[in-house]
Amino acid sequence: MASPLSPPPSPRKEPVQRRSRASVEAIHEATIQVLLAQGSESLTTTRVAERAGVSVGTLYQYFPNKQALLYAALGRHLSWVFQELATVVRDCEGQQLRVMLPRLVDAYLDAKLSRLAEAKALNGIASDTASLALLRDSSVQIEGMIENVLATAQDVELEDTGLASKMFALTLSSVSRALIERECDREGANAIGKELARMLVSYLRDRAGPRG
């Protein structure tokens, strides 16, 4: 039996005043910068505080340890990707697959590549239980969102929207990770995105019937 998930580390308090929000934003940015420059093994709360231009005491008001810093950075990035994709998903409802899928692929890759440095820094840091749970929850949310929009496709009715959405999300995630690791430029990413969308349209059409 799998061991129960440990509760995720959370900020000690939420920033309320503008100055506090600015400090937390600086800490988030500094976390990414230290990750890129020195890697997760060398990241410490002291180094992040120095890079952010705040005292260690200020940092500890919001983040009790290194794990909490990394968890917050990962959660922030995943929320950004989800929100960017959700905006496009709403506009894709009821469209044909050949229109819907390229827009979904573009939205996901754009969200990842528009914050390339952040995505690259966060790749591979999720080794603790809480961060793995966060990644899993994010994947489930994205799969559910894609499943809902695929069910509205104007021209086809999928045999299994749950399986289709899982394949779609896993393919997107794998391709985006490869693009990030290779630091692919936008022109190259756009070309790959177009081919990926064509492949997914073909795959889903093969597993669908006409809308009755």
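Predicted model: local features only at pLDDT ≥ 70, side-chain atom pairs only at ≥ 80, totals over all residues.

Residues are numbered from 1 along each chain as its sequence is written, and side-chain values use heavy atoms, with hydrogens and water left out.

Let's begin with the open space. The largest pocket has a volume of about 500 Å³. Among its 25 lining residues, Leu78, Tyr108, Lys112, Leu135 and Ser173 are the closest to its centre. On a 1 Å grid over the protein atoms alone, a pocket is an open set of points with protein on both sides within 12 Å along at least five of seven lines, whereas a cavity is a set where a 1.4 Å probe fits but cannot get out; lining residues have an atom within 4 Å of a point. Grid points are joined across faces, edges and corners, and a volume is the space filled by probe spheres set on the points.

Helices H4 (66-92), H5 (97-113), H6 (116-122), H7 (129-150) and H8 (161-181) each supply at least two residues of this pocket's lining. Helices here are DSSP runs (H or I, at least four residues), as strands are (E, at least two), numbered from the N terminus. H8 gives the most, with 7 residues. By class, the pocket lining has 13 nonpolar, 8 polar and 4 charged residues. Ala, Val, Leu, Ile, Met, Phe, Trp, Tyr, Cys and Pro count as nonpolar, Asp, Glu, Lys and Arg as charged, and the others, Gly among them, as polar.

A search of the whole structure finds 1 cavity of 30 Å³ or more. Val105, Asp106, Leu109, Asp110, Ala189, Asn190 and Gly193 line the largest cavity. H5 and helix H9 (186-206) are the elements that give two or more residues to this lining, and H5 has the largest share, 4 residues.

How do the helices pack? The axes of H4 and H5 lie 9 Å apart, at an angle of about 160 degrees. That makes H4 roughly antiparallel to H5 (angles over 145 degrees count as such). Axes are lines fitted to C-alpha atoms, for helices over the stretch in contact, and angles run from 0 to 180 degrees between N-to-C directions. The axes of H8 and H9 come within 12 Å and cross at roughly 160 degrees, so H8 and H9 are also roughly antiparallel to each other.

Note on methods. Parallel < 35°, antiparallel > 145°, perpendicular 65-115°, else oblique.
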